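I opened this one with my notebook beside me. Here is what I looked up, entry by entry.

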Amino acid sequence: MVPFRNHPIVLVKNVIAYLVLGLSLMFAMGPSAFLLTFALVMLSVLWWLRTLYYFEETELHVVRDTVFKNDTHIQYSKLATVDVRRSLLDRLAGTAMLSFTINSAVNPNVSEASLTLKQDIALKLRDELSEKVFNKSMTVEEDMNIPSEVKVSNLDIVLYAVFGQSSLNVLWGFAFLLFSLFSAWNGELEAFVGSITMLVVTNVIPWVTVILRYCNYRIYRVADTITVESGLISTYRTSFKINKINSVGIRETFFAKLMGRAILEAEVVGVADSTGRPVLCPLKPKSDVERLFRTIVPEFVVDMGNAVSQPRSAMVPMVMYNLLYTVPFMVAGILAYMYLDLSALHPSWTMWEPYALVVEFLLVVGPLVLAVAHAVVAQRERSFAMADDMFLFVHGAFDSVSQYINYDKVQMVDVSSSPLSRRFGLSRCMVAMMSSMGFRGFTSGYFPTEVLEKVGAEVMSRIKDGRYDHRRYY
């Protein structure tokens with residue numbers, strides 16, 4: 001059997017990365033930085049020469065005989081996905097990287113093995129592996145002719161980058177923007193530079209990263225295999241079977257709700273993107289997201305007509321526990337009002353005193369208002385339902401998620417109550433699953449304890465009576 005070796009473009013990527021590292025360390029380490037860079041480049045050459053890939057009948061065998069010898073055996077039946085990724089250098093060199101991730105990967109963003117080949121060879125090899133892993137005889141070229149199940153425009157991607165993140169991050173970015181404009185208007189150069197830097201680091205860079213990652217988004221399904229493609233400069237292509245999905249969630253941030261939009265995400269064993277879970281649909285009108293939900297993952301569409309909302313008594317523990325988080329802010333605001341004297345700190349800061357009073361007032365009153373508002377919104381949003389094969393948690397408040405979870409994928413069920421919620425006969429239920437990024441849990445709102453305990457009882461009942469069959473998921 002003829003082994004494969006990575007294309008030399010891998011060496012080019014490593015040399016560029018090590019040169020950048022050497023230049024960044026030059027001022028701290030002096031000439032020794034170049035010695036370190038040279039050593040890393042030599043090790044990279046050795047790694048490239050002494051790493052071979054054997055595609056055998058039932059497994060991928062990776063032999064790495066460098067400083068230490070290592071043999072890696074990856075059975076095709078254990079593969080969760082074989083991704084095709086192309087960076088800018090790959091496009092220039094006409095190459096593509098195959099990334100191999102197994103079902104039990106703790107972090108699928110770091111694959112068990114990767115191999116870079118000329119694009120035509122890589123795609124041909126992926127077609128052969130797809131036939132073994134996904135039972136698909138369709139080639140990549142044929143796949144590319146399949147229309148996407150949902151049309152995602154560049155505007156949708158920009159909106160997803162900005163408003164798809166948590167509403168708290170959006171508000172922080174807006175606060176940094178206002179502060180930078182205010183600083184520029186008052187001629188405060190240091191404050192302006194600091195706030196702009198924070199805005200770029202916390203918001204602008206993540207926005208650009210998401211836009212580059214999800215531009216040219218496509219999703220389609222062939223038989224029981226879902227494929228997601230995206231990327232502007234670097235391209236990504238991921239396929240996974242429907243039986244690898246643990247749960248599907250419709251996520252709505254506060255600003256997305258104002259626009260009538262939502263995001264469709266999935267928890268898939270061994271598959272993840274930058275968010276930790278595959279995005280099945282970026283920010284689109286909620287009607288489009290619900291339509292895609294019904295067409296791309298109909299197995300998770302169940303009748304949740306018996307969904308129940310939180311009882312009114314849940315307002316008491318929610319408000320009381322929310323108020324606990326307001327105490328530090330209130331204390332800070334009161335102490336600042338009593339003891340903070342800006343003019344004593346710096347004569348030029350006297351002009352900021354009226355604004356400081358506003359901030360101090362907001363530190364005292366704002367958290368109280370938010371604590372109550374959060375509880376009111378959560379009371380309206382949260383619900384719980386059970387069906388034959390799935391159950392539903394609608395959790396969150398300003399940002400909420402409707403999570404459809406497969407009973408058979410649940411690893412642990414924990415129903416717990418605090419001293420306060422226990423007085424009202426209420427508990428919260430946390431379910432944990434083996435997900436894309438190790439164990440991941442979802443927690444319900446406050447519901448009667450006996451109602452939530454039905455989840456664990458149903459999971460165990462399915463195991464005992466044979467409705468759970470592990471062979472369905474391999």
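Which strands does helix α15 lie across, and at about what angle to β14 does α15 run? I found α15 (residues 449-464) across β14 (383-386) and β15, running at about 35° to β14. For that angle, axes are lines fitted to C-alpha atoms, for helices over the stretch in contact, and angles run from 0 to 180 degrees between N-to-C directions. Helices (H or I, at least four residues) and strands (E, at least two) are DSSP runs, numbered from the N terminus.

Ground rules next. The model is predicted, so I note that local features need pLDDT of at least 70 and side-chain atom pairs count only at pLDDT 80 or more, while totals for chains, interfaces and linings use all residues. Residues are numbered from 1 along each chain as its sequence is written, and side-chain values use heavy atoms, with hydrogens and water left out.

**Sheet.** I traced an open sheet of seven strands in the order β12-β11-β10-β16-β15-β14-β13, with antiparallel pairing. Its edge strands, β12 and β13 (308-309), each pair on one side only. Two strands pair here if DSSP finds at least two bridges between them. Between β15 and β16 (residues 400-406), which run antiparallel, I found seven bridges. F393 has Q403 in β16 as its bridge partner.

**Cores.** Which residues touch the most other members of the largest nonpolar core? They are I226, I245, L264 and V297, in a core of 41 residues. Among the elements that give two or more residues to this core are α8 (189-214), β8 (225-230), β10 (245-252) and α10 (286-296). The largest share, five residues, comes from β11. A nonpolar core is a set of buried Ala, Val, Leu, Ile, Met, Phe, Trp, Tyr and Cys residues joined through side-chain atoms within 4.5 Å. Buried means under 20% relative accessible area, exposed over 50%, and partly exposed in between (1.4 Å probe, protein chains only).

I then looked up V297: leaving aside neighbours within four places in sequence, V297 is in contact (heavy atoms within 4.5 Å) with R221, I226, I242, I245, V248, L280 and L292. Apart from this core lies another, of 20 residues, including L60 and I74.

**H61.** Is H61 buried or exposed? H61 counts as buried, because its relative accessibility is 13%. It sits in strand β2 (residues 59-65), and beyond its neighbours within four places its contacts include Y53, D71 and H73.

**Rings.** A pair of aromatic rings is described by the distance of the centres and the angle of the planes. Rings of Phe, Tyr and Trp (its six-membered ring) pair if their centres lie within 6.5 Å; planes under 30 degrees apart count as stacked, over 60 as edge-to-face and the rest as tilted. I have 13 aromatic pairs in the structure. F293 and Y404 are a tilted pair, 5.1 Å centre to centre with 50° between the planes. Because F293 lies in helix α10 and Y404 in strand β16, this pair ties together parts 111 residues apart in sequence.

F391 and Y407 are also tilted, with centres 5.1 Å apart and planes at 35°. F391 is buried at 0% relative accessible area, and Y407 is buried at 1%.

**Charges over rings.** The charged end of R428 sits over the ring of Y446, 5.2 Å from its centre. The criterion is NZ of Lys or CZ of Arg within 6 Å of the ring centre and within 35 degrees of the ring normal. R213 lies over the face of Y214, at 5.1 Å from the ring centre.
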